[in-house]
Amino acid sequence: MDFSNAIPSANGKPPGGIDAFDAVAPAPEFAPLPPGIYSARVLRGEYTTTRAGADAYRLRFEIAEGPHAGKTVIRTWTFGAKALPYTKRDLAPFGLTTSAKLLSPFPEPGREYRVRLVVALQRGDDGREFNDIKKIDIIRVDESPAAAFMLPPRPNEGGPK
């Protein structure tokens with residue numbers, strides 16, 4: 001006797017996990033964005049390390065308009081002696097001017113960065129194609145209404161006197 005359907009799984013919700021594996025279609029193969037200029041928003045910035053173990057900072061962008069809306073592209077900066085002045089120059093417009101800020105959540109809660117990206121297509125030594133962000137222009141920074149309630153207290157307010 002087969003009891004596999006005797007008890008509905010997940011309270012009527014579609015099955016997930018291993019139960020859904022056989023029924024789902026595979027995702028399309030990864031393909032880099034075509035070269036061009038894109039309107040995007042910053043999804044997040046984070047301190048990370050490269051495959052070689054070097055310190056790095058990564059910004060992840062989501063394309064906001066057009067046929068590639070929703071796709072993401074990443075730009076990573078490193079902190080080697082030669083790269084460091086360029087890293088500092090490129091991250092400064094985002095307010096990322098100190099190591100403490102690089103280690104803090106980005107973007108700040110209630111803030112959204114809208115940018116224009118110039119994206120190129122590069123080919124690695126192994127023949128693999130990947131995107132390279134050549135230029136980032138900040139178009140605007142949007143503050144959500146909730147951000148007004150996240151301001152730090154003024155001096156001498158809310159603290160010991």
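Two strands are taken to pair if DSSP finds at least two bridges between them, strands being DSSP runs of E with at least two residues and helices runs of H or I with at least four, numbered from the N terminus. The model is predicted, so that local features need pLDDT of at least 70 and side-chain atom pairs count only at pLDDT 80 or more, while totals for chains, interfaces and linings use all residues. Residues are numbered from 1 along each chain as its sequence is written, and side-chain values use heavy atoms, with hydrogens and water left out.

**View 1. The open sheet of 5 strands.** The strands follow the order S3-S2-S1-S4-S5 with antiparallel pairing. S3 and S5 (129–143) each have a single partner strand and stand at the edges, so one side of each is left without a neighbour in the sheet.

**View 2. The pairing of S2 with S3.** These strands pair in the antiparallel sense over 7 bridges, and Thr 76 in S3 is the bridge partner of Arg 58.

**View 3. The surroundings of Phe 61.** Leaving aside residues up to four places away in sequence, Phe 61 touches (heavy atoms within 4.5 Å) residues including Val 42, Val 73, Leu 117 and Ile 136.

**View 4. The aromatic pair of Phe 94 and Phe 106.** The pair, with ring centres within the 6.5 Å limit and planes over 60 degrees apart as edge-to-face requires, has 6.0 Å centre to centre and 90 degrees between the planes. Phe 94 lies in the loop between H2 and H3 (99–102) and Phe 106 in the loop between H3 and S4, so the pair ties together parts that are 12 residues apart in sequence.

Terms used. Rings of Phe, Tyr and Trp (its six-membered ring) pair if their centres lie within 6.5 Å; planes under 30 degrees apart count as stacked, over 60 as edge-to-face and the rest as tilted.
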